[in-house]
Amino acid sequence: RTISFSDGQDNGAAGWTYTVDYGDGTVINGSTATPSIELNHLYADGDATHAVVVTVTDVAGESFSDGFNVTVSNTAPSAPVSGAANVAEGVAFTLSVGAVVDPGQDTITGYSIAWGDGTTVTYTPAEWQAAAGSFSHVYADGAAAPVITVSATDEDGSFVLGTHSLSVSNANPGLSLAGAATTNEGASYSLAITGSDVAADTLSYSIDWGDGSPAQVVTAAQLATLGGSVGHVFADDQDGAVNTTPRTITVTASDEDGGS
């Protein structure tokens, strides 16, 4: 800021001396040969309002003071936040948070990470330092597009340090089958079906018995009622000299998110 002043007559030695009190404990003294003063000062912290007082002196006994207020606003802290763009449900995701930058003389008292799935974890400064910028989280279910928000709290309030957008993909269910290798036509054949899913999705099963019959669909609840095994009767073997017929049974497990 430029301060201009006037003087009817420059008495004594040429020029003027001045004092600037910036209102934050900083006082500077200087001299000028022209009736203007350039102010340049860095306020260390906000939010605050400081009364600046400028005093210009020609010779002893010839001084004048005037002032104005400077409002200093707080600058929010920030930090670089990064991580992979994609992760599958049930797989640990690692978030990296760099050093916190805060131009003010603030003291951070706590941190938090909102993972975007309803989970928020808070950290003390000691816990945050111990993590060394690496934080892990498992998303229980996909598909989803959470936005991770990293925040910090100091004496001026709570501030978002940074965010990271993530795509959580659905994981396909797992499946295991067990049954006898042979059966007779007209006899009841039993197939044991065990499904699994990292997100505990509700599964359903489509069974192609390999004999041309329509696919049989069984829900997880129905499979549980059947004790985990589904029965089928193969009506006939193939005609001809060979009196056995190979059948390939194919089971597809599907979840409610489109995985199979």
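**Second largest pocket**

I looked up which element gives the largest share of the lining of the second largest pocket, and it is E6, with 6 residues. The model is a predicted one, in which local features need pLDDT of at least 70, side-chain atom pairs count only at pLDDT 80 or more, and totals for chains, interfaces and linings use all residues. Residues are numbered from 1 along each chain as its sequence is written, and side-chain values use heavy atoms, without hydrogens and water.

I noted a volume of about 290 Å³ for the second largest pocket. Of its 17 lining residues, Phe-5, Ser-6, Val-56, Phe-64 and Ser-65 are the closest to the centre. Two or more lining residues come from each of strand E1 (2-4), strand E5 (48-57) and strand E6 (63-72); strands are DSSP runs of at least two residues, numbered from the N terminus. A pocket here is an open set of points on a 1 Å grid over the protein atoms alone, where a 1.4 Å probe fits, with protein on both sides within 12 Å along at least five of seven lines; lining residues have an atom within 4 Å of a point. A volume is the space filled by probe spheres set on the points, which are joined across faces, edges and corners.

I sorted this lining into 7 nonpolar, 6 polar and 4 charged residues. Ala, Val, Leu, Ile, Met, Phe, Trp, Tyr, Cys and Pro count as nonpolar, Asp, Glu, Lys and Arg as charged, and the others, Gly among them, as polar.

**Largest pocket**

I recorded a volume of about 390 Å³ for the largest pocket. Among its 16 lining residues, Ala-181, Thr-182, Thr-183, Thr-245 and Arg-247 are the closest to the centre. Its lining divides into 6 nonpolar, 6 polar and 4 charged residues.

Terms used: Helices (H or I, at least four residues) and strands (E, at least two) are DSSP runs, numbered from the N terminus.
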